[in-house]
Amino acid sequence: MERPELPLPQLHAFVVLAEELHFGRAAARLGIAQPPLSQQIRRLEDKVGYELFRREPGRVGLTPAGRELLPAARQALAALAEGLSAAREVGGGRAGRLRIGFAASLALTVLPGLLRTFRERFPAVELDIREMTTTPQLAALRERTIDVGLLREPPAQDAELGFRTVLTEPFVAVLPASHPLAAQRTVHVEQLAECSFVLLPRAVGPSLYDRITGLCADAGFTPRVAQHAVEWQTVCALVETGLGVSLAPASIRRIRLKGVAFRGIAPATARTRVAVAWRENDTNPLIPGILAALRPEPPTGPGRSRPSSGRTAGEY
């Protein structure tokens with residue numbers, strides 16, 4: 001099929017003249033003089049190969065060729081206007097598609113409020129939400145298969161990625177409801193020294209795993225891990241059966257299981273950090289919108305957040 005080369009001013013002039021059927025009114029509507037309008041119509045007719053208008057004294061009418069062209073011309077101009085509007089919406093960060101990775105535990109804290117706020121501000125943006133742990137999120141950001149990550153315990157430094165802390169939360173002890181320590185309001189970590197533990201596998205959350213085992217090491221013992229589980233809900237379910245106890249981010253308390261007790265721990269200063277991550281050189285105009293929708297805790301430094309401890313940052 002031959003690709004037509006029709007300048008938009010000619011097409012626009014044709015549609016306006018077809019609507020007005022009067023050169024003077026059409027020229028005034030277009031904001032040009034009549035001679036340039038006549039020239040544009042003549043050039044368009046030369047491209048078509050046939051006259052588009054009948055010109056009679058005091059009267060202008062469409063020819064059969066003109067009547068045939070008019071719907072297509074209107075459709076072309078409308079499609080272009082719609083495309084320009086859509087391009088402006090995307091370019092201005094008001095529309096488009098945003099791919100967000102998130103750690104499963106954040107569905108209990110940051111994610112719902114973030115999505116609600118973002119959708120209220122940017123209803124035309126399509127969101128693609130993907131559940132994944134931190135290491136896959138970092139890889140997906142570098143590979144450009146997600147645009148933003150919500151992760152726990154991010155790396156201390158990364159040349160390609162930016163991080164900003166949006167939440168810190170304390171740890172809690174996760175106990176069977178029948179456990180003697182469940183009668184206490186606060187559990188000292190050293191009191192768990194003789195207990196079996198249910199923990200996430202280190203492979204799915206190395207830094208969070210190291211953070212938890214580090215709390216135990218600071219209390220003078222190495223936790224005896226009886227069972228691993230890759231989801232916090234499964235960890236809690238296994239604790240309920242009596243297989244062991246666990247240490248977890250405080251948001252896990254939102255998992256309601258009758259046979260599980262959640263208790264604050266001492267030292268109470270132990271906290272885990274949640275951050276938003278993005279590519280530093282990303283020009284996607286939607287990124288500032290999602291960052292603005294997150295309400296961070298007071299920043300720890302300009303641009304990037306800093307690790308909450310000297311430990312290697314990590315996962316889940």
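Mentor: Here we take some terms in turn and set each against its cut-off. Keep in mind that this is a predicted model.

Trainee: Good. What makes up the chain, to begin with?

Mentor: The chain contains 9 helices and 12 strands. Of its 316 residues, 47% are buried. Its exposed surface comes to about 16,300 Å², with 53% supplied by carbon and sulfur atoms.

Trainee: Why is Asp158 called buried?

Mentor: The cut-off for buried is under 20% relative accessible area. Asp158 has 12% relative accessibility, so Asp158 counts as buried. Asp158 sits in the loop between β5 (148-152) and β6.

Trainee: How do you know that Asp158 forms a salt bridge with Arg142?

Mentor: A salt bridge needs a side-chain nitrogen of Lys or Arg within 4 Å of a carboxyl oxygen of Asp or Glu. The closest N and O atoms of Asp158 and Arg142 are 2.3 Å apart, and the pair forms a salt bridge. This pair links distant parts of the chain, since Arg142 lies in helix α6 (residues 134-143), 16 residues from Asp158 in the loop between β5 and β6.

Trainee: Which backbone nitrogen lies 2.9 Å from a polar atom of the side chain of Asp158?

Mentor: That is the backbone nitrogen of Glu160. For a polar contact, the N or O atoms must be within 3.5 Å, and the side chains of Asp158 and Arg142 are also joined by a polar contact, of 2.3 Å.

Trainee: What makes Asp147 and Arg279 a salt bridge that links distant parts of the chain?

Mentor: Their side chains meet at 3.5 Å, N to O, and the limit is 4 Å. Asp147 is in the loop between α6 and β5, while Arg279 is in strand β12 (residues 271-279), 132 residues apart. Both Asp147 and Arg279 are buried.

Trainee: How many salt bridges are there by this rule?

Mentor: The count is 16. Another of them is between the side chains of Arg29 and Glu19, at 2.6 Å, N to O. Arg29 is in helix α2 (residues 23-30) and Glu19 in helix α1 (residues 8-20), so this pair ties together parts 10 residues apart in sequence. Arg29 is partly exposed at 44%, and Glu19 is partly exposed at 36%.

Trainee: Which residues do salt bridges with shared partners join into one network?

Mentor: The network consists of Glu19, Glu20, Arg25, Arg29 and Arg74.

Trainee: Now the inside. What makes a group of residues a nonpolar core?

Mentor: Its members are buried nonpolar residues joined through side-chain atoms within 4.5 Å. The largest such core has 38 residues, and Val174, Leu175, Leu192, Phe197, Trp232 and Leu247 touch the most other members. Elements giving two or more residues to this core include β6 (161-176), α7 (206-218) and β11 (260-266). Apart from this core lies another, of 25 residues, among them Ile100, Val276, Ala293 and Leu294.

Trainee: Which residues does Leu192 touch?

Mentor: Leaving out residues up to four places away in sequence, Leu192 touches Leu175, Leu181, Val187, Phe197, Phe221, Val245 and Leu247. In soluble globular proteins, nonpolar side chains tend to be buried together.

Trainee: Which residues make a nonpolar surface patch?

Mentor: Leu8, Leu80 and Leu84 make one of about 240 Å². Patch residues need over 30% relative accessible area. Leu8 has 45% relative accessibility and so counts as partly exposed, and its place is in helix α1.

Trainee: What about the backbone: what is noted for Leu21 and Arg144?

Mentor: Most residues other than glycine have a negative phi, and most peptide bonds are trans. Leu21 has a phi near 50°, a positive value, and lies in the loop between α1 and α2. Arg144 has a positive phi of about 65°, in the loop between α6 and β5.

Trainee: Which kind of peptide bond joins Ala266 and Pro267?

Mentor: A cis one, with omega about 10°. Pro267 is found in the loop between β11 and β12.

Note on methods
Residues numbered from 1 in each chain as written. Predicted model: local features only at pLDDT ≥ 70, side-chain atom pairs only at ≥ 80, totals over all residues. Heavy atoms only, no water. Buried < 20%, exposed > 50% of the residue type's maximum accessible area, 1.4 Å probe, protein only. Helix = DSSP H or I, 4+ residues; strand = E, 2+ residues; numbered from the N terminus. Contact = heavy atoms within 4.5 Å. Polar contact = N/O pair within 3.5 Å; in protein donor to acceptor, adjacent residues only side chain to side chain. Areas by Shrake-Rupley, 256 points an atom, 1.4 Å probe, with all protein chains shown as cover. Patch = residues over 30% accessible without salt bridge, like charges linked within 9 Å, V, L, I, M, F, W, Y side chains within 5 Å.
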